[in-house]
Amino acid sequence: MQDRYRQLGALEKFATVPSDDPHAWTPKLRLATADWFSRWFYNRKGPSSEPVFATEPPESLYCTPDGSIRYSGKGQTVYSLIAQKQAKLPPARRAPKTSVEREKYQNEIGEEIRKHLHYQKSEQPLEVRHIVTTPREGYRIDKIQFLSEPGIYIPAWIYVPDDKPRVLPTILYVSDQGIEPDGMEFEGEEGSGLTHSVLDTLAREGNLVVAVEVRGIGATRPTHPASDSCSEFGQLFDLETGMAYMAWFIDQSLLGMRVQDVVRSVDYVMGRPGADAKNMHVIGKGMGGLWCLYAAALDPRIRSLISVQSLLSYRSLTLVDRYKYGADVFVPDVLLHFDIPQVATAIAGRPLTLIYPMDAMKNTVPVAAAEQAYDSARAAYEAAGLQHLFRIESEKPGLDSPQHYLSLIQSAMAV
């Protein structure tokens, strides 16, 4: 060992001898380096002379003028390889045409979802805890918590209208922004003219509204400071991405956990006094739309679904070189088995509305493009003679308003 350290000292000497010619010691230094590594790793003397070699031309080294294969248009890139692979994904599935085929399709997609989201429904008691009741004009808010699984309590605000019939039309509301942005009595700044918030409006129209926050959202969001790196693409390193990776490390899925939270919220609504268990309508916003879509595919108790500003498809992420979605949206290997439109197909027969579906950069997708992505869902609804129950809307402003939600729910209740 001491001999090897003496060799290293000699190597450092070669490397630091001053010279007017910066290349004067290069051959000797290379030989000394080779000798040192030979003695260290192989316990033998290194070469005494350098072999003759020819410099490779740039063509054989695949060099490009700007160092980028992609922008130089030379050879395959990771994006072109992904584009080739995804062109045949997900595997083709024939749209179901009969009630028997629909049931079989729903079972197959349900099994795929359970497997790839590591989904296991909890059957333990909800153990509801009442926190506080807040009176408002025309209704009250019961703030509660219930168990999604052992140790995981889900916060919920229950909007209960005053002086209404015992059983009320029921809406489950799930947003990736939590409850407060849409749950206060008014929204907007005082100087701009206040308007009633989404949940306030839904309650004032005589609906029992159950707004929940899945784990890691709103009140249960970890208190770590938000990452401001990469500005526009900060989702690559933010808290949501960190939680998604930690779930994968333990062979779980953050997305699957949140889908379970939605289904457990359905459990709560089904047992809530005053809730209409036969007419429970769900509104999911942002990532909440995706959680609720998966939940609807797994749970037929969801009577209708309105998905607002949710990701159009996983395949849309493979068509571009950058996107604004974080790891919390991903399901490993998902496109080898199914895509989001196939999940929508699995709930054919129940009212489904997609409002302002989002592309990879969270821009609204035109109706024509969205219809093409969801052609299998459309075909399944048409085969059942229920094409009027499936809608994609993005061409007009104001579609994400509570008034429009109410009109869609009224249509769903009339079916």
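Colleague: How many cavities of 30 Å³ or more does a search of the whole structure find, and what volume does the largest cavity have?
Modeller: This is a predicted model, and a search of the whole structure finds one cavity of 30 Å³ or more. Rolling a probe the size of a water molecule over the atoms shows where empty space is left. For the largest cavity, the volume comes to about 80 Å³.

Colleague: Which residues lining the largest cavity are the closest to its centre?
Modeller: The lining of the largest cavity is made up of 14 residues. Those closest to the centre of the cavity are Ser307, Ser310, Leu311, Leu354 and Tyr374.

Colleague: Which helix gives the most to the lining of the largest cavity?
Modeller: Two elements, helix 10 (287-298) and strand 10 (352-355), each supply at least two residues of the lining of the largest cavity. With three residues, the element that gives the most to this lining is helix 10.

Colleague: Is Ser265 buried or exposed?
Modeller: Ser265 belongs to helix 9, which runs over residues 254-271, and, leaving aside residues up to four places away in sequence, Ser265 touches Phe146, Leu172 and Val212. Buried means under 20% relative accessible area. Because the relative accessibility of Ser265 is 0%, this residue counts as buried.

Colleague: What angle lies between the planes of Tyr381 and Phe390 in their aromatic pair?
Modeller: The structure holds eleven aromatic pairs, and one of them joins Tyr381 and Phe390, with 5.3 Å centre to centre. Tyr381 counts as buried because its relative accessibility is 0%, and Phe390 is buried as well, with a relative accessible area of 2%. Planes under 30 degrees apart count as stacked, and the Tyr381 and Phe390 pair is stacked, with an angle between the planes of 20°.

Colleague: Which residues do ring pairs link into a cluster?
Modeller: The aromatic pairs in the structure number eleven. Ring pairs link into a cluster the residues Trp36, Phe37, Trp40 and Phe41.

Colleague: At what distance from the ring centre of Trp157 does the charged end of Lys143 sit?
Modeller: Arg129 lies over the face of Tyr153, at 3.7 Å from the ring centre. The charged end of Lys143, in turn, sits over the ring of Trp157, and its distance from the centre of that ring is 4.2 Å.

Colleague: What percentage of the residues in the chain do buried residues make up?
Modeller: The chain has 15 helices and eleven strands, and it exposes about 22000 Å², of which carbon and sulfur atoms supply 55%. Of the 415 residues in the chain, the buried ones make up 46%.

Technical notes. Residues numbered from 1 in each chain as written. Predicted model: local features only at pLDDT ≥ 70, side-chain atom pairs only at ≥ 80, totals over all residues. Heavy atoms only, no water. Helix = DSSP H or I, 4+ residues; strand = E, 2+ residues; numbered from the N terminus. Buried < 20%, exposed > 50% of the residue type's maximum accessible area, 1.4 Å probe, protein only. Contact = heavy atoms within 4.5 Å. Phe/Tyr/Trp six-rings, centres within 6.5 Å; stacked < 30°, edge-to-face > 60°. Lys NZ or Arg CZ within 6 Å of the ring centre and 35° of its normal. Areas by Shrake-Rupley, 256 points an atom, 1.4 Å probe, with all protein chains shown as cover. 1 Å grid on protein atoms, 1.4 Å probe; cavity = no way out; pocket = protein on both sides within 12 Å on 5 of 7 lines; lining within 4 Å. Points joined across faces, edges and corners; volume = space filled by probe spheres on them.
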